[in-house]
Amino acid sequence: MDRTTLLAQIESDKKLHISFLQSLAQAPSPNPPGDTRAAASVITNYLHDHNVPFEIVAPKADMPNVVSDFHGGNGKTGPRIVMNGHIDVFPAGDDSDWKHGGAWSGFNDGEHIYGRGTVDMKAGTAALVIAFTYLYAHREALDGSVALTVVSDEETGGRWGSRWLLDEAQDKWGGHCMINAEPGGIQSVRFGEKGTLRMTFTITTKGAHGAYTFLTEGATMMAVRLITELKTIESIRPTDLPRSVEEHLQKPEVRATIDEIMGKGAADVMLVPTLNIGTIHGGLKVNMIPEHCTFEADVRLPIGLQAQTVLDHISSILRRYPDVHLTVQEAASNPAAFCDPDHPMVKIMADVAEATTGRKPLAIPGLGATDCKFWRYLDIPAYVYGVSPETMGATDERVKIDEFLVLIKVHALSVWDYLHAT
């Protein structure tokens, strides 16, 4: 078995790959509520049909994790590569405005597969499962070992998914390097991501009749004033950003790639914190001055900026707001994470991608969070190569079939090359 034969096999099975992705897209797995058993069954049926052994690890019964691993068969020792993806997706809500039969249709228009989570990240997870299956079938040619972790709890923090697997069995599921297929854009290999600081602000103050604004400011107007001051968070700059990372991210070609994938302006916020007020609730009636208001804030922390620096800044603001109580959402708050952008896996993935697409991807970080952070926190390099994030989480979310097929080749051949196939 050689590399050329492996690539030819992947090419010849295109219709089967597309059918598998459609089946996965048709299995609802919104999180919340997080029941992924139907999607997990699609994965396990595929592995069973291809004679790949697997286990179900389910610390929470309705959130099963599908795991598998194997050792190369040529008698040589080598590194352990972990291939990681998730099957839970954003909720679809009212999908009556979706084309082609709703959010779980898996419709194929010849160019795209439609469905909630096809971009984030059922296409990526399907590609990883397919790639792992090929590698397992030809394991005799590989050094080292390969593990597959298909998890069910990425969208709500990883407590029952990747984080649980690493907490319980880091030796087995940690590995020497992890690769992931979150929607990162095939023009890039992601080596890092921003962190999150999630907070709840609760305001309790004096209320009154709506005409008596001279008696009290009220909770909602106080919230408006506070939110305006919280925007000053965005003036804070990282203090621990490695110079090599800063210089890399200032390169014109890197900035251009970031903007190309994530939208114009993304490069400008990559190294600074951002503030979003995701929810706000206050008041009982339009002609009453509210006594209570609660809002939630989501701060994205760039590489090199610690959450405590932001919290210290917020504390100085809250000294002027005695009626405000702050709670940090600890389970949803995580530091920024990054690893070596010059790691051998980055070069291998870039070379394989260039041979596949004709364009060499550049190493960039991401704005959103992925399970890669859990490996990076353990000093295990973790890298993302995935489809375009365009339409992610939107009505008529859809993934390009050609990009999905690219992922299969890049992930399979990158592991093959990294493990010194003979």
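Reader: Which residues have the most contacts inside the largest nonpolar core?
Author: Ile43, Met83, Tyr383, Tyr385 and Phe404, in a core of 83 residues. A nonpolar core is a set of buried Ala, Val, Leu, Ile, Met, Phe, Trp, Tyr and Cys residues joined through side-chain atoms within 4.5 Å. Buried means under 20% relative accessible area, exposed over 50%, and partly exposed in between, with a 1.4 Å probe and protein chains only.

Reader: Which helix gives the largest share of this core?
Author: Helix 4, residues 118-137, with 13 residues. Helices (H or I, at least four residues) and strands (E, at least two) are DSSP runs, numbered from the N terminus.

Reader: And what lies apart from it?
Author: Another core, of 26 residues. Met199, Ile236, Cys293 and Phe295 are among them.

Reader: Before I go on, what are the ground rules?
Author: This is a predicted model: local features need pLDDT of at least 70, side-chain atom pairs count only at pLDDT 80 or more, and totals for chains, interfaces and linings use all residues. Residues are numbered from 1 along each chain as its sequence is written, and side-chain values use heavy atoms, with hydrogens and water left out.

Reader: Fine. How many helices and strands in the protein chain?
Author: 13 helices and 17 strands. Of its 422 residues, 53% count as buried.

Reader: What about the radius of gyration?
Author: The protein chain has 23 Å. A compact globule with 422 residues would be near 22 Å, so the value agrees. The radius is taken over C-alpha atoms, and the globule rule is 2.2 Å times the number of residues to the power 0.38.

Reader: And the spans along the principal axes?
Author: The C-alpha trace spans about 80 × 50 × 40 Å.

Reader: What share of the contacts joins residues at least 24 apart?
Author: 82%, among contacts between residues at least 6 apart in sequence. Contact means heavy atoms within 4.5 Å.

Reader: Switching topic. What does UniProt annotate?
Author: The unreviewed entry has "domain: Peptidase M20 dimerisation" over residues 192-320. UniProt positions are in the numbering used here, feature names are shortened, and annotations may be inferred rather than shown by experiment. The span is 36% helix and 27% strand. Its end C-alpha atoms lie 36 Å apart.

Reader: Helix 8 next. Which of its residues are buried?
Author: Val254, Thr257, Ile258 and Ile261, in a helix that runs over 252-262. Down the axis of helix 8, these fall within an arc of 100°, so they line one face. The arc is that of the directions from the helix axis to the C-beta atoms.

Reader: Why would spacing like that give a face?
Author: An α-helix has 3.6 residues a turn, so residues three or four places apart point the same way.

Reader: What covers the buried residues of helix 8?
Author: The cover includes strand 7 (188-193), helix 7 (243-249), helix 9 (266-269) and strand 15 (362-366). Just after helix 8, glycine 263 takes a positive phi of about 110°.

Reader: Cis peptides, where?
Author: The bond from asparagine 31 to proline 32 is cis, with omega near 0°. Proline 32 is in the loop between helix 2 (14-25) and helix 3 (37-49). Another cis bond joins aspartate 120 and methionine 121, with omega about -15°. Methionine 121 lies in helix 4.

Reader: Last one. Where is isoleucine 113, and what does it touch?
Author: Isoleucine 113 is in strand 4, residues 112-114. At 1% relative accessibility, isoleucine 113 counts as buried. Not counting residues up to four places away in sequence, isoleucine 113 touches residues including Ile18, Leu21, Phe107, Arg398 and Val399.
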